[in-house]
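Here is a short report for a reader meeting this structure for the first time. Look over the sequence and the fold, then read on.

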Amino acid sequence: MANVRIDRLHKEFRSHGGVVHALKELTLDIADGEFISLVGPSGCGKSTALRIIAGLETPTSGRILFGPRDITKLEPRDRNIAMVFQSYALYPHMSVRQNLEYGLRKRGVAREERDRKVATIGAMLQIESMFERKPRQLSGGQRQRVALGRALIRDPEVFLLDEPLSNLDAKLRVHMRAELAALHQKVQTTMVYVTHDQLEAMTLSDRIVVMNHGVMQQVGRPDEIYSRPANRFVAEFIGTPSMNMIEGELRIESGKPIFTGPGMAIALPQASLHMPAAKQATLGVRPEDIALVAPDTPGAIAARVTVSELTGAERYHFVTVGGGSVIIRTPASTVLHPGENVALGLHPDRLHLFGGAGEDAAALR
Amino acid sequence: MAVRSGGPLAWLRDQHLGVILLLPSALTFLVLLVFPLSYGIYTSFLQRHVLDPEGVWVGLANYVWLFGNAEFWQSLAISTLWAGATVGLQIVLGTAVALILHQPFKGRSLVRGLVLFPYMMPVVSVILIWMLLYNALYGVLNYLLVQTGLIAAPIAWLSQPGSAFWSVVFVGVWKYFPFVVVIVLARLQVIPQDLYEAARIDGAGAIARFVDITLHQIKDVLLVVALLRTIYMFNNFEIAFLLTGGGPLRATMTLPILVYEQAFGLYEMGRGSAIAVVMFLILIGVMSVYFAFLRKESD
């Protein structure tokens with residue numbers, strides 16, 4: 001068990017005629033026993049970061065410490081980590097038992113000790129009945145358990161998981177997600193989890209690191225990331241359907257900040273005066289923070305319904321406001337018809353304001 | 001199918017169509033495989049001379065002669081050793097070269113191309129080159145070995161039974177190992193990289209990774225390569241024949257050369273055919289063992 005300190009980690013790849021910065025100055029403290037997710041689109045540097053922690057890649061600069069121990073230059077085998085791969089990477093010619101005990105064998109653990117640990121892990125993951133089978137005789141979910149078992153069996157200080165659920169079908173993925181959460185509760189080992197699936201990150205993590213273009217965009221608890229995104233990228237990346245982004249202008253009228261966009265003029269809370277005095281601005285509002293109101297409500301925004309989608313418990317309504325498109329999320333009981341005129345009210349405490357360019361943005365609040 | 005209802009082809013039912021579509025390959029198979037093979041087996045029961053093309057039915061006499069003939073047993077031993085040695089060494093050398101060519105280095109593509117060179121060259125050119133290299137009087141090999149002090153006097157490589165056999169084996173290995181390289185290299189390139197990464201994390205060193213991952217991953221293609229090479233090398237005629245003609249003192253007299261000697265040297269077509277039939281049966285035996293082994297492996 002150890003806390004992990006990632007200190008100004010930088011990684012460049014040199015390819016034909018250019019340098020790619022896969023990871024830029026990543027600094028992060030991971031507490032002992034924490035479950036932390038690295039999330040972002042393909043090529044954001046999350047896998048590179050994980051592979052550097054594992055020792056499968058060497059960083060261009062920067063350090064990694066497990067507790068007081070600088071492990072930056074150690075071989076993977078000397079780091080006391082375990083890793084679960086997206087493809088599971090089970091040794092195909094070995095039985096489940098041999099797969100589980102391979103790492104112990106390579107470390108010279110005595111036979112009785114190995115048998116004891118295999119039995120414990122087998123019971124924990126309910127894979128005892130398949131010890132003598134080969135990986136190809138197992139289903140995806142069973143392989144997944146064996147891969148987890150192979151990682152768990154060595155009592156690693158740090159547990160690294162590289163998109164471990166993405167090869168499973170949707171139903172099994174939800175099931176394994178819950179098992180993974182329960183497993184972390186039980187073993188209390190530090191876990192670093194890489195995924196492109198924001199739902200996995202949200203449901204499993206103590207904290208989430210959102211990355212883009214090799215740069216950490218925000219780190220925080222799932223609720224912080226969701227309700228207070230640090231910038232437009234995080235705001236748009238986290239949440240399904242995505243946050244509505246409305247381009248417009250920020251003005252001060254008689255001492256009060258007003259956002260005007262296509263078909264709307266919205267009085268903002270005073271706090272937004274601390275915003276950089278950008279004239280161009282983007283207003284972000286999550287689909288569930290838009291309410292249908294009576295047309296005569298002060299400040300109501302006129303909109304027209306184009307499409308409604310039923311997803312089960314909820315409906316997504318696509319409406320046009322002043323030429324732009326906005327998504328609203330309501331309970332399934334709210335039925336709207338295409339062509340219908342509606343009035344919208346925005347929840348004033350749950351608005352996000354970003355600078356016009358979207359890059360230097362800060363959330364409103 | 002359109003042919004089922006109406007039209008001039010209405011009489012053509014699916015079964016008939018199937019037969020018609022099979023016919024070209026069935027005929028080819030009959031003409032090119034079944035006929036020559038049966039004819040060869042038939043000939044092995046005849047005493048047939050070039051001056052007596054009709055031949056006389058002698059039953060198993062050719063086989064009786066064969067199994068009582070010391071030269072046949074000697075050639076069988078030589079052929080077995082020849083096939084075993086060339087295939088074994090081809091696999092070891094081919095795998096080693098494939099492993100080297102799998103590593104990234106400057107000029108790798110060029111070297112990968114050059115390695116195929118022996119395999120691409122016509123056999124006769126290869127043999128002429130090696131006869132020059134092996135030449136006792138002015139051969140490059142002797143020159144280099146004497147110059148570097150490894151041997152005191154030139155060796156007549158192809159004129160002494162022991163060195164002749166291994167010199168021929170060496171050429172057989174050199175000529176055909178690129179086949180192994182190509183197949184193994186192709187297999188190496190599709191081994192999932194994360195198996196090696198998982199093994200590194202599990203604590204496996206370079207040797208353990210080779211034994212526990214690489215070797216197991218290429219095992220299947222090595223078995224196929226071994227079968228293909230064994231059939232090929234056991235039947236190979238030209239390398240030994242062109243280099244030594246089966247000599248000296250029958251040291252490189254493989255079964256195909258013995259067939260040639262009987263059939264075209266002594267004009268004993270029947271005896272030659274009998275030897276060829278025995279070779280055929282031996283290879284069938286090897287393949288049966290191989291496939292039995294594969295079946296056992298795969299369950």
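## Helix 3 of chain A

The model is a predicted one.

Which residues of helix 3 of chain A are buried? They are Arg114(A), Lys117(A), Val118(A), Ile121(A), Gly122(A) and Leu125(A). These residues cover an arc of only 135 degrees around the axis, so they sit on the same side of helix 3 of chain A. The general rule is simple: an α-helix has 3.6 residues a turn, so residues three or four places apart point the same way.

The cover over the buried residues of helix 3 includes helix 2 (96-106), helix 4 and helix 5 (170-187) of chain A. Just after helix 3, Gln126(A) takes a positive phi of about 55 degrees.

## Helix 2 of chain A

Helix 2 of chain A has its own buried residues: Val96(A), Asn99(A), Leu100(A), Glu101(A), Tyr102(A), Gly103(A) and Leu104(A). What do the buried residues of helix 2 of chain A pack against? In chain A, they pack against helix 3 and helix 4. In chain B, they pack against helix 9 and helix 10 (206-235). Just after helix 2 of chain A comes Gly108(A), with a positive phi of about 70 degrees.

## Chain A as a whole

Chain A holds 8 helices and 20 strands. Its C-alpha trace spans about 80 × 45 × 40 Å along the principal axes. Of the 365 residues in chain A, 50% are buried. Take the contacts in chain A with a separation of 6 or more: 64% of them join residues 24 or more positions apart.

## Cavities

How many cavities of 30 Å³ or more does a search of the whole structure find? The search finds 2. The table sets out their volumes and the classes of their lining residues.

| Cavity | Volume | Lining residues by class |
|---|---|---|
| Largest | about 60 Å³ | 7 nonpolar, no polar, 3 charged |

## Backbone details in loops

The peptide bond from Thr240(A) to Pro241(A) is cis, with omega near -5 degrees. Where is Pro241(A) found? Pro241(A) is in the loop between helix 8 (232-237) and strand 11 (244-253) of chain A.

Gln188(A) is not a glycine, yet it has a positive phi of about 55 degrees. Gln188(A) lies in the loop between helix 5 and strand 8 (190-195) of chain A. Its relative accessibility is 39%, so Gln188(A) counts as partly exposed.

In chain B, Arg250(B) is not a glycine either, and has a positive phi of about 60 degrees. Arg250(B) lies in the loop between helix 11 (238-244) and helix 12 of chain B.

## Two buried residues of chain B

Gln262(B) lies in helix 12 (residues 255-265) of chain B. Is Gln262(B) buried or exposed? At 4% relative accessibility, Gln262(B) counts as buried, because buried means under 20%. Beyond residues up to four places away in sequence, Gln262(B) touches Trp65(B), Tyr267(B), Glu268(B), Arg271(B), Gly272(B) and Ile275(B).

Tyr176(B) belongs to helix 8 (residues 161-188) of chain B. Its relative accessibility is 3%, so Tyr176(B) also counts as buried. Leaving aside neighbours within four places in sequence, its contacts include Gln90(B), Tyr119(B), Val123(B), Arg229(B) and Tyr232(B). Met233(B), Asn236(B), Glu238(B) and Ile239(B) are in contact with Tyr176(B) too. Tyr176(B) and Gly162(B) are 14 residues apart in sequence, and their C-alpha atoms are 22 Å apart in space.

Methods:
Residues are numbered from 1 along each chain as its sequence is written. Chains are lettered from A and ligands numbered from 1 in the order in which they are written. This is a predicted model: local features need pLDDT of at least 70, side-chain atom pairs count only at pLDDT 80 or more; totals for chains, interfaces and linings use all residues. Side-chain values use heavy atoms; hydrogens and water are left out. On a 1 Å grid over the protein atoms alone, a cavity is a set of points where a 1.4 Å probe fits but cannot get out, and a pocket is an open set with protein on both sides within 12 Å along at least five of seven lines; lining residues have an atom within 4 Å of a point. Grid points are joined across faces, edges and corners, and a volume is the space filled by probe spheres set on the points. Ala, Val, Leu, Ile, Met, Phe, Trp, Tyr, Cys and Pro count as nonpolar, Asp, Glu, Lys and Arg as charged, and the others, Gly among them, as polar. Buried means under 20% relative accessible area, exposed over 50%, partly exposed in between (1.4 Å probe, protein chains only). Helices (H or I, at least four residues) and strands (E, at least two) are DSSP runs, numbered from the N terminus. The arc is that of the directions from the helix axis to the C-beta atoms. Contact means heavy atoms within 4.5 Å.
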